[in-house]
Amino acid sequence: MIGCDQEIISLGSRGSLNVDRAIAEFRSGRPVLLRDNNRLVLTLPAELADEALLRGLDVLARGAGHLVLSAARLRRLGAKGRGESGVFVLPAIDLDRIETLALKIDARINAPIAPASAQDEAALELARLSLVLPAVIVVSVTEADIAGEPLVEVALAAINGYRAEQAASLKIAGRAPVPLEGAPETEFVVFRGGEGLRDQVAIVVGKPDLDSAVPVRLHSACLTGDLFGSLKCDCGDQLRETVRWMAENRGGILLYLDQEGRGNGISNKMRAYRLQSKGWDTYDADEVLGFDLDQRHFDFAATMLKQLGVSRIVALTNNPQKIGAIEAAGIEVAASQRVLGRPNVHNVRYLASKRDRAGHFIDMKALSGISPA
């Protein structure tokens, strides 16, 4: 019999566990308690707020609640050149005002913007980890206010250190040969961890020489492009072209990372797609939703490579941010190589935006003569 003082299961640090639970609460639309020493606040994702819940928060707020918005959303509201998140005071926790400031496309600033506190920033980070919109309601509370309430409590330090801790705790959960069309000698290696309780996959094609620079692609999951062949992006082409090239050129490793929609999540990606269908550029659509150019992190990708015995790579990418991020995480990038998809009338504006606004290495000749749909 296991003694009650014996650890039954090792699940990581207490702080990391609480962040996992807080992510689940946020995604379910329930408030989370953030603690910074003796200061307590309740926070809730703006997009999941409802009238009944806000009435309860309004009582607790005593006229001193506030709405925290990302720098990107504030710029869209009219705060030109803003590089920091900020706060709108909420004398009343009013759903209409919250929805206007956080969600409406044509909303404009209608009140002063105050600086965000450390707790405000942590609340936004929790929203990003939860893959909800980066707009949160924050209310200061006391121990007496929340006595007896079944709230998940998490410390600021745990939220701020969560990504690094998750990257460091990655472990191989399973591996097996999976022959692919055009690449029959392929192994899938599944890693448990990353960010937000998601698994990550390394696809090892052929027998790459680990003593040399290994061809590696960091490929963020794209349900629409990878699985369904969407014409709005070049992701599916890049995925299949990379695997085919590796099979024909002595092997390589493709890291398939659960970072849909440049790290914004599939639901926010669909919101951005809807805006794009109305004429918005891909990056402008993300800014309307409160996101900067790219929300992805690649430190856990470096951890995966290190566990596979890789320390030096040839990066198969058009994205200079990936190269810089993987180098910063301790992997040497000996060279880089382009991976081009097929331009068409549906994705030419998207490809041009990646080239012009995010600095991707995309051949302008491939886009010439194609008019966007």
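**Stop 1: the largest pocket**

Select C235, R262, R296, Y350 and K354. Of the 31 residues lining the largest pocket, these lie nearest its centre. A pocket here comes from a 1 Å grid over the protein atoms alone: it is an open set of points with protein on both sides within 12 Å along at least five of seven lines, and lining residues have an atom within 4 Å of a point. This is a predicted model, in which local features need pLDDT of at least 70 and side-chain atom pairs count only at pLDDT 80 or more, while totals for chains, interfaces and linings use all residues. Residues are numbered from 1 along each chain as its sequence is written, and side-chain values use heavy atoms, with hydrogens and water left out.

The volume of the largest pocket is about 480 Å³. A volume is the space filled by probe spheres set on the grid points, which are joined across faces, edges and corners.

Now colour the elements around the pocket. β11 (214-220), α9 (235-248), α10 (266-277), α11 (282-288), α13 (320-328) and α14 (348-358) each give at least two lining residues. Helices (H or I, at least four residues) and strands (E, at least two) are DSSP runs, numbered from the N terminus. Which helix gives the most to this lining? It is α10, with four residues.

Colour the lining by class next: ten residues are nonpolar, twelve polar and nine charged. Ala, Val, Leu, Ile, Met, Phe, Trp, Tyr, Cys and Pro count as nonpolar; Asp, Glu, Lys and Arg count as charged; the others, Gly among them, are polar.

**Stop 2: K269**

Stay on helix α10 and pick K269. Is K269 buried or exposed? K269 is buried, because its relative accessible area is 8%. Buried means under 20%, exposed over 50%, and partly exposed in between (1.4 Å probe, protein chains only). Show what K269 touches: C222, L223, T224, E260 and G261, leaving aside residues up to four places away in sequence. A contact means heavy atoms within 4.5 Å.

**Stop 3: the largest cavity**

A cavity is a set of grid points where a 1.4 Å probe fits but cannot get out. The count comes to one cavity of 30 Å³ or more. The largest cavity has a volume of about 60 Å³. Select its lining: V216, L218, I313, A315, L316, T317, K322, I323 and I326. Seven of these are nonpolar, one is polar and one is charged.

Follow β13 from here. Four of its five residues are buried. β13 runs parallel to β11, joined by three bridges, and V214 stands opposite I313. Five bridges join β13 to β14 (residues 332-337), also in parallel. There, R312 has E332 as its bridge partner.

**Stop 4: the open sheet**

Select seven strands in the order β5-β4-β3-β6-β2-β1-β7; they form an open sheet with mixed pairing. β5 (114-115) and β7 (153-155) stand at the edges with a single partner strand each, so one side of each has no neighbour in the sheet. Strands pair if DSSP finds at least two bridges between them. Zoom in on β3 (residues 65-69) and β4 (residues 86-90), an antiparallel pair with five bridges. V68 faces V87 in β4.

**Last stop: confidence**

Colour by pLDDT, the predictor's confidence in each residue, from 0 to 100. The protein's mean is 91, and 94% of its residues reach 70 or more. Residues 1-11 fall below 50; beyond near neighbours in sequence, this stretch has two contacts in the model.
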